[in-house]
Amino acid sequence: MLDAALNVPTPVNEPVLGYGPGSPEKARLKAALERISKETVEIPCVIGGERVTTGRLEPVVMPHRHRHVLGHFHCADADVAERAVRAAADARREWATMRWEDRAAVFLRAAELLATTWRDTLNAATMAGQSKTAHQAEIDAACELIDFWRFNVHFADQLYRQQPISSPGVWNQTDLRPLEGFTLALTPFNFTAIAGNLPTASALMGNTVIWKPSESQMVAAWHTYRLLEEAGLPPGVINFVPGFGHELAPMFVDHPDFAALHFTGSTEVFRSLWKRTAANLDRYKSFPRLVGETGGKDFIVAHPSADPQAVATAIVRGAFEFQGQKCSAASRVYVARSVWAQIEDELIATIDALKVGDVADFSNFMGAVIKQAAFDRHAAAIAEARETPGMAIRAGGQTDGREGWFVRPTLITTDDPGVRLMRDELFGPIVTVHVYPDAAWSEMLRVVDATSPYALTGAVFARDRGAIVEASGALRHAAGNFYVNDKPTGAVVGQQPFGGARASGTDDKAGSALNLLRFVAARTIKETFVPPTDWRYPFLREA
Ligand code: NAD
């Protein structure tokens with residue numbers, strides 16, 4: 001019991017560790033990676049705090065050594081799904097009525113555990129299971145997730161403090177109630193931080209959750225869940241339900257208590273879930289909140305005044321880090337001919353020299369792509385470029401799936417800016433470049449805006465201020481995260497709230513108050529201290 005108006009700790013972004021030669025963090029991470037690589041973890045469902053096994057086991061493998069099994073997960077079934085919904089309803093009674101600061105403390109403690117004793121485990125699991133390099137794992141599994149947990153508490157505090165004005169004799173209040181029902185969190189493979197954020201953002205606001213992680217991120221998801229248990233998350237607040245999305249999601253989306261979807265993944269899956277929700281509308285107790293951050297076809301557009309070296313660096317980092325499997329990764333580039341002439345040779349040589357391989361070897365810049373289906377998709381795109389007149393593979397283009405699903409960083413040029421590789425999301429280390437005549441700048445901006453259905457991230461490079469202003473206006477709706485003279489990846493929680501519109505999602509900006517607002521139903525309370533006791537208004541009297 002506490003009578004106090006509390007101030008929550010002021011969040012700061014978690015510093016990124018360098019993992020330089022001889023550093024203690026490098027030694028610790030290598031040891032954790034070795035430990036995780038040696039064990040074969042068995043991942044159960046967790047319902048109401050209880051470990052539940054179903055016996056239907058699916059393997060989780062290392063993408064860069066795909067015969068290496070890291071563990072097996074128990075696929076949830078209809079019975080587990082039903083129990084998860086009941087557990088969420090049971091836990092809701094206490095969690096939704098708890099002081100919000102007590103809920104916040106669980107996630108602040110989780111952030112602290114991740115910054116200290118759990119950091120190496122979650123980073124190593126992300127390296128082994130998702131084929132991230134040490135740096136990519138550190139900025140995701142450690143720093144971004146810590147930031148989500150700390151900053152969301154700060155944003156929730158701001159939301160709760162937003163109260164209406166009151167007139168004399170009256171006290172008006174806003175009560176941000178949790179939703180009536182459960183939240184379904186369906187999370188993607190590519191970010192351990194997003195996987196950790198989607199269930200916990202809703203839980204922070206007083207909701208109880210069913211979390212179905214991606215089949216390809218299961219090891220890091222499992223360690224995240226265990227961390228949350230250690231942080232003191234009460235049983236049933238987040239129920240851990242491994243399995244395949246197309247089998248499990250309908251069991252939850254069809255339930256009358258389905259109150260919210262917190263989704264990150266592909267556009268097609270989000271659309272199918274939205275359609276299913278629409279078809280179910282008559283059976284729900286409330287209108288479910290649908291929050292989805294989906295695909296991207298992210299661009300870099302370079303004006304003739306751009307710094308050529310800055311453009312080249314943005315292409316290498318923006319397109320190829322984590323094998324281009326960031327929703328924000330640059331995958332279509334429009335460069336003025338005069339700029340291209342200055343970077344072409346060196347850029348191609350740089351890309352061809354990038355080291356690709358096992359992420360346990362810290363000298364590799366890239367690991368493998370996530371699974372066989374992704375590998376096949378990338379190989380097909382490269383073959384398509386090879387066969388299309390006007391397209392040329394200028395760097396990379398090789399694939400080798402024998403040990404791991406390795407795709408060399410690939411740069412393709414195209415004469416036609418409307419080809420499929422400039423429109424569709426590939427989600428791999430393939431970037432397509434269109435070189436345009438310097439005089440066609442304004443026309444190019446119209447092409448950038450209209451070519452792809454997505455609108456997630458985009459970057460403009462220019463030194464001419466007028467060009468920046470023109471691009472910002474012409475591309476206002478082409479990207480939810482717009483970068484000026486910077487690569488289109490690497491959004492930081494609290495600094496660049498993340499999300500896009502059009503086919504890229506509902507733009508609810510993960511890591512901001514806007515996102516948390518989707519998981520509450522506001523109640524307005526008006527209290528009149530001395531209510532009137534005479535129903536007659538003065539105007540009714542003639543004299
Ligand atoms: P995915 O759509 O394949 O899977 C996402 C989740 O949905 C997983 O948990 C999966 O099991 C589940 N799922 C898959 N098929 C389903 C179905 N038919 N019905 C219900 N659920 C289903 O996405 P992914 O491959 O894990 O992630 C890559 C995608 O995510 C890319 O399109 C990428 O752009 C997008 N992404 C977007 C953002 C963003 O913030 N906009 C961030 C990260 C990833």
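Modeller: What follows is a close look at the surroundings of the ligand.

This is a predicted model, in which local features need pLDDT of at least 70 and side-chain atom pairs count only at pLDDT 80 or more, while totals for chains, interfaces and linings use all residues. Residues are numbered from 1 along each chain as its sequence is written, and side-chain values use heavy atoms, with hydrogens and water left out.

The shell around the ligand is made up of 28 residues, where a residue is counted as near if one of its heavy atoms lies within 4 Å of the molecule. The closest of these residues are Thr187, Lys212, Glu215, Ser266 and Glu425.

The side chain of Lys212 has an N or O atom 2.8 Å from an oxygen atom of the ligand, and a polar side-chain atom of Glu215 lies 2.6 Å from a ligand oxygen atom. At Thr294, by contrast, it is a polar backbone atom that takes part, 2.8 Å from a nitrogen atom of the ligand. On its own the ligand has 840 Å² of accessible area, and the protein covers 87% of that; such areas come from the Shrake-Rupley method with a 1.4 Å probe, and for residues only the protein chains shown count as cover.

Turning to the elements that build the shell, at least two residues come from each of helix H8 (245-253), strand E10 (258-264) and helix H9 (267-279), and H8 gives the most, with three residues. Helices (H or I, at least four residues) and strands (E, at least two) are DSSP runs numbered from the N terminus. On the scale of domains, whose bounds come from an automatic or database domain assignment, domain 1 (28-294 + 505-526) and domain 2 (298-484) each contribute at least three residues to the shell.

Sorted by class, the shell has 13 nonpolar, eleven polar and four charged residues. Here Ala, Val, Leu, Ile, Met, Phe, Trp, Tyr, Cys and Pro count as nonpolar, Asp, Glu, Lys and Arg as charged, and the others, Gly among them, as polar.

Definitions and conventions
A polar contact is a pair of N or O atoms within 3.5 Å; within protein, one must be able to donate a hydrogen and the other to accept it, and residues adjacent in sequence count only if both atoms are side-chain atoms.
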